[in-house]
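Please find below a short report on one protein chain.

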Amino acid sequence: MEYIYAPWRMNYLVRDKSKDECVFCVDSSCYENKYVLFEAKHSYVKLNTFPYNCGHLLVIPKTHTKELNGLSYESGAEIMKVTSLSCDILKKVYHCNAINVGLNIGKAAGAGIEQHLHFHIIPRWEGDVSFYTVCSELRVVSEILDDTFNKLTGDFKKIKL
Ligand SMILES: [Zn+2]
């Protein structure tokens with residue numbers, strides 16, 4: 001029997017859900033949060049603090065909406081550009097074989113924070129351990145967030161939109 005430890009997941013699983021405020025609606029000073037990699041006019045990029053895989057990023061619109069049609073045209077266009085630049089950086093830094101880009105609209109679709117739309121960008125490698133995700137709440141991430149942030153921040157600082 002092998003054991004895999006992912007203790008940071010416990011903070012997510014046992015949090016007091018009745019007191020959840022929108023974690024993606026932050027005032028501008030919070031964009032200085034240590035896991036925010038990039039801030040654009042309508043959106044920002046941060047590490048997912050409960051990642052499915054190494055380098056798991058979120059592209060988050062600054063508009064609080066749970067529907068795609070709640071985004072302005074400019075916001076949608078910017079998010080697509082920021083997402084594509086983020087994919088380029090993940091490919092360069094992590095040498096991943098593939099990338100999942102996804103959006104879960106509504107709880108039944110798997111949205112953990114359904115009130116505020118957010119785009120997942122998840123690097124994938126041949127033979128990675130995502131089957132755990134299919135079978136259980138367990139995910140295996142082989143890198144701590146501070147290391148992920150340090151690997152990515154230099155390239156995000158070079159982005160000019
Ligand atoms: Zn929000």
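## Fold of the chain

Along the sequence, the protein chain runs in the order α-β-β-β-α-β-β-α-α. That gives 4 helices and 5 strands, where helices (H or I, at least four residues) and strands (E, at least two) are DSSP runs numbered from the N terminus.

The model is predicted: local features need pLDDT of at least 70 and side-chain atom pairs count only at pLDDT 80 or more, while totals for chains, interfaces and linings use all residues. Residue numbers start from 1 along each chain as its sequence is written.

## Burial and contacts

Of the 161 residues in the protein chain, 22% are buried. A residue is buried with 20 or more other C-beta atoms within 10 Å of its own, exposed with 12 or fewer, and partly exposed in between, with C-beta atoms placed from the backbone.

Among contacts between residues at least 6 apart in sequence, 64% join residues at least 24 apart; a contact means C-beta atoms, placed from the backbone, within 7 Å.

## Helix 2

Helix 2 covers residues 73-94, 22 residues in all. From first C-alpha to last it reaches 31 Å, close to the expected 32 Å (1.5 Å times one less than the number of residues). After helix 2 comes His 95, with a positive phi near 50°.

## Two faces

Glu 78, Ile 79, Val 82, Leu 85, Ser 86, Ile 89 and Leu 90 are the buried residues of helix 2. Viewed down the helix axis, they fall within an arc of 145°, so they line one face; the arc is taken over directions from the axis to the C-beta atoms. Their cover includes strands 1 to 5 and helix 4 (145-157).

The face turned away from the buried side carries exposed Tyr 73, Ala 77 and Ser 84.

Methods:
Contact = placed C-beta atoms within 7 Å.
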